[in-house]
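The stops below may be followed in order.

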Amino acid sequence: MSKSETRRFVNLIRDVTVGRTLLTVEHDMGVVFGLADKIAVLVYGEVIAFDTPEAVRANPRVQEAYLGSVLAEQQAASAMGQGH
Amino acid sequence: MAIITIDQLTKSYRVYQKKEGLREAVRGLVSREYKTVEAVRGISLRVEPGEFIAFLGPNGAGKTTTLKLLSGVIYPTSGTATVMGFVPWKRDLEYRRRFALVMGQKNQLWWDLPAQESFRLHQQIYCISTSDYQRTLDELTSLLDVRNLLGRPVRELSLGERMKMKLIAASTNRPRA
């Protein structure tokens with residue numbers, strides 16, 4: 001499905017499951033971060049984060065698991081640049 | 001009170017390591033090498049009633065395996081879990097009536113039949129009274145705007161329409177909590 005179809009479909013699921021508990025596996029970050037109350041991030045069979053979308057987005061372990069250390073290096077370089 | 005509790009849940013699979021060539025194929029008939037794959041490694045979670053939880057992770061992270069464990073499709077290697085007070089892999093009838101599982105890549109609708117025929121099958125499997133079934137069907141087909149498609153063979157529906165029908169099929173038993 002396209003991204004817009006996925007978003008529409010997840011909204012439909014929410015409509016059908018109002019008041020019920022819902023677990024979903026979804027790779028579309030927009031859907032995950034826009035609609036979920038909490039996100040469980042799994043890597044190699046372990047939960048490395050289980051928290052609200054905001055907290056998961058800011059979690060260094062999640063950033064590293066998904067983006068390698070590139071993001072951390074960019075942030076470090078940016079911080080050093082601001083320091084000079 | 002949590003509706004789902006998972007405590008140190010693990011699931012390992014023993015996978016046959018097949019080697020290349022006829023000689024190794026014959027050798028494999030008498031002596032096989034296996035590798036243990038740890039799909040889920042000691043996860044613990046608590047989910048409160050009404051929460052919408054998204055599982056995120058790369059392929060092979062254990063997301064679908066966890067959902068299969070929670071729906072009782074497979075047994076864990078170790079650890080515990082309860083959903084609505086039930087241990088999923090004990091597969092109590094009362095538990096199986098109370099949840100729904102939709103797998104995107106699995107089709108639970110008969111391809112050549114109209115979706116309403118598959119819904120009827122679900123009604124029979126779950127022993128749903130005709131009045132309850134009709135009420136649920138009216139509500140969901142109206143909500144998802146597919147009432148006029150109920151009589152059309154599933155193979156003639158668009159992907160989106162098929163997904164709506166799958167959602168209805170999974171909801172005919174009115175999953176609770």
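In this tour, a contact means heavy atoms within 4.5 Å. The model is predicted.

**Chain A as a whole**

Select chain A and colour by secondary structure. The chain holds 5 helices and 3 strands, which run along the sequence in the order α-β-α-β-β-α-α-α. Of the contacts in chain A between residues at least 6 apart in sequence, 15% join residues at least 24 apart. Its 84 residues include 35% that are buried.

**A:Pro53**

Next, select A:Pro53, which belongs to helix α3 (residues 53–57) of chain A. Is A:Pro53 buried or exposed? Its relative accessible area is 5%, so A:Pro53 is buried. Now display what surrounds the residue, leaving aside neighbours within four places in sequence: A:Pro53 is in contact with A:Phe33, A:Ala36, A:Asp37, A:Lys38 and A:Ile39. For A:Lys38, 15 residues away along the chain, the distance between its C-alpha atom and that of A:Pro53 is 6.0 Å.

**Chain B as a whole**

Move to chain B, whose secondary structure comprises 6 helices and 4 strands. Along the sequence these elements follow the pattern β-α-β-β-α-β-α-α-α-α. Viewed along its principal axes, the C-alpha trace spans about 60 × 45 × 30 Å. The radius of gyration of chain B is 20 Å, whereas a compact globule of 177 residues would have one near 16 Å.

Buried residues account for 42% of the chain's 177 residues. Among contacts in chain B with a separation of 6 or more, 63% are between residues 24 or more positions apart. The chain exposes about 10,100 Å², of which carbon and sulfur atoms supply 51%.

**Helix α1 of chain B**

Select residues 22–30 of chain B, the extent of helix α1. Which residues form a nonpolar patch on the surface? B:Leu22, B:Val26, B:Leu29 and B:Val30 do so, and together they have about 490 Å² of accessible area. One of them, B:Leu29, counts as exposed because its relative accessibility is 68%, and exposure requires over 50%.

Helix α1 also contains B:Glu24 and B:Arg27, 3 residues apart, or about one turn of the helix. These two residues form a salt bridge in which the closest N and O atoms are 3.4 Å apart. Both partners count as partly exposed, B:Glu24 at 23% relative accessibility and B:Arg27 at 42%.

**B:His122**

Proceed to B:His122, in helix α4 (residues 115–125) of chain B. With a relative accessible area of 12%, B:His122 is buried. Show its side chain together with the backbone of B:Ala169: the backbone oxygen of B:Ala169 is 3.2 Å from a polar atom of the B:His122 side chain. Apart from neighbours within four places in sequence, the contacts of B:His122 are B:Gln108, B:Ile128, B:Ala169 and B:Thr172.

How many salt bridges does a search of the whole structure find? Over all chains, the search finds 9. Two further examples in chain B can be selected in turn.

Begin with B:Arg155 and B:Asp112, whose side chains meet in a salt bridge with an N to O distance of 2.8 Å. The pair links distant parts of the chain, 43 residues apart: B:Arg155 is in the loop between α5 (130–143) and α6 (159–171), and B:Asp112 is in the loop between α3 (93–96) and α4. B:Arg155 is partly exposed, at a relative accessible area of 39%.

Then select B:Arg174 and B:Glu139, which form a salt bridge at 2.7 Å from N to O. B:Arg174 lies in the segment after α6 of chain B and B:Glu139 in helix α5, so this pair ties together parts 35 residues apart in sequence. B:Arg174 is partly exposed at 23% relative accessibility, and B:Glu139 is partly exposed at 44%.

**A network with residues of chains A and B**

For the last stop, display both chains and select A:Glu46, B:Glu38 and B:Arg41. A network of salt bridges links these three residues.

Methods. Residues numbered from 1 in each chain as written. Chains lettered and ligands numbered in written order. Predicted model: local features only at pLDDT ≥ 70, side-chain atom pairs only at ≥ 80, totals over all residues. Heavy atoms only, no water. Patch = residues over 30% accessible without salt bridge, like charges linked within 9 Å, V, L, I, M, F, W, Y side chains within 5 Å. Areas by Shrake-Rupley, 256 points an atom, 1.4 Å probe, with all protein chains shown as cover. Salt bridge = Lys/Arg side-chain N within 4 Å of Asp/Glu carboxyl O. Helix = DSSP H or I, 4+ residues; strand = E, 2+ residues; numbered from the N terminus. Buried < 20%, exposed > 50% of the residue type's maximum accessible area, 1.4 Å probe, protein only. Rg over C-alpha atoms; globule rule 2.2 N^0.38 Å. Polar contact = N/O pair within 3.5 Å; in protein donor to acceptor, adjacent residues only side chain to side chain.
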